[in-house]
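Below is a short note to go with the structure. Please keep the sequence at hand while reading the points.

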Amino acid sequence: MLQALGLGPAEEAIYTTLLARPTASAQDLVRQTGLEEAETTRILLDLAARGLVAIATETETGSGAPDPAGSEAGPQPARYRLTPPSVALAPFLVEQRNALHRAETAFSMLTEQYRTTAAHPAGSVMEVVVGVEQVAHRFHQLQRGAQRELLVFLVGETIAVPREDADASESFALDRGVDFRVVAAKNYLDVPDVAGDMRSAITAGLKLRLVESLPLKMVVSDRERAMVPLDMTDSGGEPSAIVVHRSGLLTALVHLFEKEWAQARPLYATTTGVRAEAKADQRPTEGELEVLTLLLAGISDRRAASQLGLSIRTVERRTRRLMDLAGADSRLQLGWHAARADWL
């Protein structure tokens, strides 16, 4: 916990041990922490020099009390106490904040310099990355470096980046609040075990939509950089990709994503995986809506059939189609989707 404020593991062990007791000698701390006595003494002296601990006074240790036996036990070993953390640790916290601010400033300056340097020729709008390790490295750079937004096309099975590694980068971005939108081709759902992973991602905040097919795989980070795989035959059978920097080509890739996103069907989590919302033109008929109204009122299929003058089989068939349109596994989900889709 305190390593973020500049204390090493051994220093933190001694500090937290002192935190639980008013005073302690070096020998006490050796027994509590398991550290060597020489190292413990050195750390105590260093912490004292930094103002984090202080040598306890006789009043604090109680050593000033008279010995009832009148014996002379000799000088007692020095005992140490913590200085108030709110006073002692505050300067360390301020320094860490200042260091982070300096790092952010340097990052912004370097990024801007890279964008505007005169030595950035037109050909450097794209860079070619070849090999599994290099492709995976650049992929993780784009996903983990995103500050605001990630746009992704998913098509078929992954090649250079194992899905579990991609899931880790995805979780890292979602945990930081990055707006993460994904359009998946239908064949991506055919990949084994992917439905469960997608369900977890949607629950964590990923926005996911489905289309029949996509022209390419792609990831766009903060609309600053994009990565698109190349045909493996162009690199001697090794996975390869191009990284596109800010340019008209990158703008076109973002436009392509937004176009596919607008036409795609949203996916939502179910108890077992994910389901796509029905297409806009697939809405219930008037007869199906009549059945739905009675079902949502809690009326059984048999009573609904009687009230509508239909056979029980017709009511069941209409109910089944309603659930298919809603992508529902239960009538409870059907009611939720009907309200969400404004069917009634």
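1. Basis. This is a predicted model, in which local features need pLDDT of at least 70, side-chain atom pairs count only at pLDDT 80 or more, and totals for chains, interfaces and linings use all residues. Residues are numbered from 1 along each chain as its sequence is written, and side-chain values use heavy atoms, with hydrogens and water left out.

2. Confidence. pLDDT is the predictor's confidence in each residue, from 0 to 100. Its mean over the protein is 79, with 83% of the residues at 70 or more. A contact here means heavy atoms within 4.5 Å.

3. Overall make-up. The protein has 14 helices and 12 strands. Both are DSSP runs numbered from the N terminus: helices are H or I with at least four residues, strands are E with at least two. Of the 344 residues, 38% are buried. Buried means under 20% relative accessible area, exposed over 50%, and partly exposed in between (1.4 Å probe, protein chains only). Of the contacts with a separation of 6 or more, 72% join residues 24 or more positions apart. The protein exposes about 19,800 Å², and carbon and sulfur atoms supply 54% of that area. Accessible areas come from the Shrake-Rupley method with a 1.4 Å probe; for residues, only the protein chains shown count as cover.

4. Aromatic residues. There are two aromatic pairs in the structure. Rings of Phe, Tyr and Trp (its six-membered ring) pair if their centres lie within 6.5 Å; planes under 30 degrees apart count as stacked, over 60 as edge-to-face and the rest as tilted. F257 and W261 are stacked, because their ring centres are 6.0 Å apart and their planes are at 20°. These two residues are four apart in helix 10 (residues 248–263), and so are separated by about one helical turn. F257 is buried at 0% relative accessible area, and W261 is buried at 11%. Together with F153, F257 and W261 make up one aromatic cluster.

5. A charge over W261. R181 lies over the face of W261, at 5.1 Å from the ring centre. The criterion is NZ of Lys or CZ of Arg within 6 Å of the ring centre and within 35 degrees of the ring normal.

6. Helix 9. In helix 9 (residues 194–204) the residues V194, M198, A201 and I202 are buried. They cover an arc of only 100° around the axis, so they are on the same side of helix 9. The arc is that of the directions from the helix axis to the C-beta atoms. G205 follows helix 9 and has a positive phi, near 120°.

7. Helix 11. The buried residues of helix 11 (residues 286–296) are G287, E288, V291, L292, L294 and L295. They line one face of the helix, because they fall within an arc of 165° seen down its axis. Their cover includes helix 12 (301–308), helix 13 and helix 14 (331–340). Just after helix 11, G298 has a positive phi of about 90°.

8. V315. This residue lies in helix 13 (residues 312–326) and is buried, at 0% relative accessibility. Not counting residues up to four places away in sequence, V315 touches V291, D301, A304, A305 and L310.

9. The loop between strand 8 and strand 9. D222 lies in the loop between strand 8 and strand 9 (225–229), and R223 lies in that loop too. D222 is not a glycine, yet has a positive phi of about 55°. R223, also a residue other than glycine, has a positive phi near 55°. D222 is buried at 7% relative accessibility, whereas R223 is partly exposed at 36%.
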